Amino acid sequence: MQTHAMDLGPLKPENNELLLGVVLFALLYLVLAKVLLPRIARTIADRDDAIHGQQERAEDLRAQAEEIHAEYQAALAAARHDASRIRQQGKEEGAAAIAEARAEGIRERERIVAEGTVLIEAERAAAEAELRTHVEELAVRLAERILGEPVRQRSVD
């Protein structure tokens with residue numbers, strides 16, 4: 001049985017060799033399809049799962065990170081608000097303490113000034129009383145110095 005009318009030279013196949021080649025190719029194909037192709041398909045599926053699974057896990061991790069970041073930002077905002085409130089409260093308490101200390105200082109100053117005024121008045125009165133006793137004598141001495149002669153003293157009783 002001639003399959004081809006052409007002259008192929010040394011490449012012309014023999015029918016039995018051609019049939020043996022087709023049968024061996026079919027057997028090889030069946031072996032590969034039953035043994036190797038499922039393995040290759042499983043490996044490809046594992047790789048695909050690894051690639052897509054890692055992407056999904058990465059997206060899940062990113063979502064968790066964004067959620068944690070949002071919680072962190074909320075906690076940070078709350079802490080800033082608390083710090084601002086505490087700072088304002090400190091300013092108010094400080095201003096109240098300063099006002100109270102100022103008022104206490106003014107009261108203390110007024111008390112010291114009043115005591116000083118009373119003490120000065122008492123010392124002035126005592127000095128004036130002491131000077132009154134000596135005024136007559138000093139006046140007589142001054143008059144004697146001015147006149148140059150002794151002046152008689154009158155008793156004022």
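This is a predicted model: local features need pLDDT of at least 70, side-chain atom pairs count only at pLDDT 80 or more; totals for chains, interfaces and linings use all residues.
**Overall form.** The protein contains 1 helix and 0 strands. Its radius of gyration is 62 Å, well over the 15 Å given by the globule rule for 157 residues, so the protein is more spread out than a compact globule. Along the principal axes, the C-alpha atoms fill a box of roughly 190 × 30 × 20 Å. Asp82 and Arg132 illustrate the spacing: 50 residues separate them in sequence, and their C-alpha atoms are 73 Å apart in space. Asp82 belongs to helix α1 and is partly exposed, at a relative accessible area of 36%.

**Surface and burial.** Of the 157 residues, 1% are buried. Leu19, Leu20, Val23, Leu24, Phe25, Leu27, Tyr29 and Leu30 make a nonpolar surface patch of about 840 Å². Within helix α1 lies Phe25, which counts as exposed because its relative accessibility of 57% is over the 50% limit.

**Charges.** The protein carries 21 positive and 29 negative charges, whose mean positions are 2 Å apart. A negative surface patch is formed by Asp46, Asp48, Asp49, Glu56, Glu59 and Asp60. Asp60 is located in helix α1, which spans residues 15-147, and is partly exposed at 49% relative accessibility.

**Salt bridges.** The whole structure holds 9 salt bridges.

| Pair | N to O distance |
|---|---|
| Arg109 and Glu110 | 3.0 Å |
| Arg124 and Glu128 | 3.2 Å |
| Glu137 and Arg141 | 2.6 Å |

Arg124 and Glu128 are 4 residues apart in helix α1, about one turn of the helix. Glu137 and Arg141 are likewise both in helix α1, with a spacing of 4 residues, about one turn.

Glu137, at 35%, is partly exposed, as is Arg141 at 48%.

Glu128, with which this report opened, also takes part in a network of salt bridges that links Glu121, Arg124, Glu128 and Arg132.

Key: Residues are numbered from 1 along each chain as its sequence is written. Side-chain values use heavy atoms; hydrogens and water are left out. Patches are made of residues with over 30% relative accessible area and no salt bridge: like charges are joined within 9 Å, nonpolar side chains (Val, Leu, Ile, Met, Phe, Trp, Tyr) within 5 Å. Accessible areas come from the Shrake-Rupley method with a 1.4 Å probe; for residues, only the protein chains shown count as cover. A salt bridge is a side-chain nitrogen of Lys or Arg within 4 Å of a carboxyl oxygen of Asp or Glu. Lys and Arg count as positive and Asp and Glu as negative; His and the chain ends are not counted. The place of a charge is taken as NZ of Lys, CZ of Arg, CG of Asp or CD of Glu. Helices (H or I, at least four residues) and strands (E, at least two) are DSSP runs, numbered from the N terminus. Buried means under 20% relative accessible area, exposed over 50%, partly exposed in between (1.4 Å probe, protein chains only). The radius of gyration is taken over C-alpha atoms; the globule rule is 2.2 Å times the number of residues to the power 0.38.
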